[in-house]
Amino acid sequence: MHVNTRYLYLGGSYDLQQLFQEEDLTREVQERQSDIPARLSGMRQILASPMPPAIEPDHHCRSPYECPFWEHCTKGKPDRWVYYLPGGRYAFQRMTALGIQTIDEIPSAYPLKLLQQRVKDNVEWVGPGLQAALATVAYPVHHLDFETLGSAIPLYPNTRPYQSVPFQWSNHIETADGQLRHEAYLCSDSRDPREELAVALLESVGKQGSICTYTGYEHGVLTGLAHALPHLRSDLDHVCDRLWDLHTIVKAHYYHPAFEGSYSIKRVLPAVVPHLAYDDLEIQEGVLASLRFHRIAFGNTDSAERARIRKALLRYCERDTFGMVELRRALAIKTCANTSGRSEPISRALSRNLSPPKWGTEG
Ligand code: SF4
């Protein structure tokens, strides 16, 4: 039996016949039954042995879930272990079959994809098109981030299991003269937040300027809102038309060795804007934000705890959008230092006495 993700919850009591779906796996189970004695015997041998089995850590250690022994099993691996070359299991297996242990041992003639080559080169790279790409932004620039809740048991009418429902947004708005202001929305209770959230968002983003996001996640959330709120669809579609994805620009025009092949914001931000970490925050990642929101909206919390969690949620989401502001600023400085179009080290680029754009302060 598993959750039926096509089930549409209409409010009131749950239709359990629809929410859960039965699937007959008798044939698959019968096909595997003959393997069971041999597998049990293998497991008993492992349990009886004083030594752990000689199994090399690999991508299997993260599927379907990350194994808690990963740190232990990989502690003898070299720095720049070839496992961290982008390209997944296939690239790793090809390299290890060739006897290559570290990324630096990959022969220079070996054909690598662009991102793999950046990881192998292990130097900062500022693409000649970065300045032009950053200049495509239109002012006032909004920096938008949503937090969402996706529950296996739908919490709001007209939602399905695991559907992402936004409960919070943050928007840092940078005007053409360099001033920065912050606006935010956070649902305060267990009501369906979507309409109130969308109306507040439309007011905040207005009709002008780019809306900077990091990845296409916000586009998906806005599309979901437009679908759920037909009377706001046209306005929300216009918001989608103004989205400006900083992730795409960074991927196409910039690389830093500390990315280690990943362009996730949690990897990019500390590398490019080292002073802007998350470690001073009570909430440091999106899953925890969802859990904390669920607690204040649906759990038994007193007013003091609710106030503390609300403050932590607001600070977390605000940090995400301020991070985008600072990331754009840091990249703009790099292009000022790189107007020749050549790649150059960050230390030389930043040591030039160029004025960065004028910025306001957080919040
Ligand atoms: S990390 Fe876990 S799954 Fe991977 S080799 Fe070690 S014990 Fe096995």
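Strands β5 and β6 (residues 180-186) run antiparallel, with seven bridges holding the pair together in this predicted model. To find your bearings along that pairing, look at W169, whose bridge partner in β6 is Y185. Five residues separate the two strands in the hairpin, and G178 takes a positive phi near 90° there.

Now turn to the other partner of β5. Strand β4 (residues 141-149) also runs antiparallel to β5, and nine bridges join these two.

Searching the whole structure for cavities of 30 Å³ or more turns up one. The largest cavity holds about 50 Å³ of space. Among the residues lining it are L149 and V165, along with I153, P154, L155 and Y156. G150, S151, T159, R160 and Q163 belong to the lining too. Sorted by class, that lining comes out as six nonpolar, four polar and one charged residues.

Around it you'll find I55, H60, C61, C67, F69, W70 and C73. The class count for this shell is six nonpolar residues, one polar and no charged ones.

Methods: Residues are numbered from 1 along each chain as its sequence is written. This is a predicted model: local features need pLDDT of at least 70, side-chain atom pairs count only at pLDDT 80 or more; totals for chains, interfaces and linings use all residues. Side-chain values use heavy atoms; hydrogens and water are left out. A residue is near a molecule or strand if one of its heavy atoms lies within 4 Å of it. Ala, Val, Leu, Ile, Met, Phe, Trp, Tyr, Cys and Pro count as nonpolar, Asp, Glu, Lys and Arg as charged, and the others, Gly among them, as polar. Two strands pair if DSSP finds at least two bridges between them. Helices (H or I, at least four residues) and strands (E, at least two) are DSSP runs, numbered from the N terminus. On a 1 Å grid over the protein atoms alone, a cavity is a set of points where a 1.4 Å probe fits but cannot get out, and a pocket is an open set with protein on both sides within 12 Å along at least five of seven lines; lining residues have an atom within 4 Å of a point. Grid points are joined across faces, edges and corners, and a volume is the space filled by probe spheres set on the points.
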